[in-house]
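Hi everyone, thanks for coming.

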Amino acid sequence: MTHYFKKIELSSSQSLYNINGLKGDLKFHYGLIRYFNIKDTEYINNINSLFKIPPARIYFVEGHGIILPHRDNGQASCINIYLITGNYRTAFWKPGPSAVPRKGRRYDHKTKSHVEVSIGYFYQGLELMDSFVAEQHEAYALNVNEFHSVDNPTSNNIRSFIQLQWDMSFGEMLDALNL
């Protein structure tokens, strides 16, 4: 395990991966990634029962293309349950002295508004620290407080996953959930 991500085993129940009827209304989006409410309360209850501390938020997420190196806004740690992977790589980066920052607007969960912030980096001047390519039905705990990107140079397929978010650091989440 790195301090960037950890592959985890969840319940073998296929009900985790039955996504028919899950996607609710669009909650918010960042560029090419969209976060939807989950409209099936039984599914949410099943997810919550897997953890001694339930997630603060649960979303159905769809990504459409690459996402440049960034830190997530609103949470420091999450678990992604991958449904359709599109063979995308999640990579973690460390900015070097020549890294070029990007500016943009982000949704702030606390103020429930968009604010202008530094949203990450372009690839030049970054050092690749670690990466993985998830398979369908795999789950990964992620330290999304570290700079990370999602890319696939050979495809622009849609990918989807269930994202479970906690309001604690990656290390605290792993310890609290016994992962």
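Predicted model: local features only at pLDDT ≥ 70, side-chain atom pairs only at ≥ 80, totals over all residues.

Numbering runs from 1 along each chain as its sequence is written, and side-chain values use heavy atoms, with hydrogens and water left out.

Back to the strands, which are DSSP runs of E with at least two residues, while helices are H or I runs of at least four, numbered from the N terminus. Strand E7, residues 89-95, runs antiparallel to E10, residues 126-133, and seven bridges join them. Two strands count as paired if DSSP finds at least two bridges between them. E7 is also joined to E12, residues 148-151, by four bridges, again antiparallel. There, Ala-91 has Ser-149 as its bridge partner, and Arg-89 stands opposite Asp-151.

Put together, that's an open sheet of four strands, in the order E5-E12-E7-E10, with antiparallel pairing. E5 (67-70) and E10 are the edges, each pairing on one side only.

Now, the core. What does the largest nonpolar core contain? It has 24 residues, and among those with the most contacts inside it are Phe-51, Ile-79 and Trp-166. By nonpolar core I mean buried Ala, Val, Leu, Ile, Met, Phe, Trp, Tyr and Cys residues joined through side-chain atoms within 4.5 Å; buried is under 20% relative accessible area, with a 1.4 Å probe and protein chains only. Helix H2 gives the most to this core, four residues.

Last stop, the largest pocket, with about 570 Å³ of space. A pocket here is an open set of points on a 1 Å grid, where a 1.4 Å probe fits, with protein on both sides within 12 Å along at least five of seven lines; lining residues have an atom within 4 Å of a point. Of the 35 lining residues, the closest to the centre are Tyr-30, Ile-33, Ile-67, His-70 and Asp-72. The lining splits into 17 nonpolar, 12 polar and six charged residues. E5 and E12 are among the strands that each supply at least two residues of that lining.

Technical notes: Points joined across faces, edges and corners; volume = space filled by probe spheres on them. Nonpolar A, V, L, I, M, F, W, Y, C, P; charged D, E, K, R; others polar. Buried < 20%, exposed > 50% of the residue type's maximum accessible area, 1.4 Å probe, protein only.
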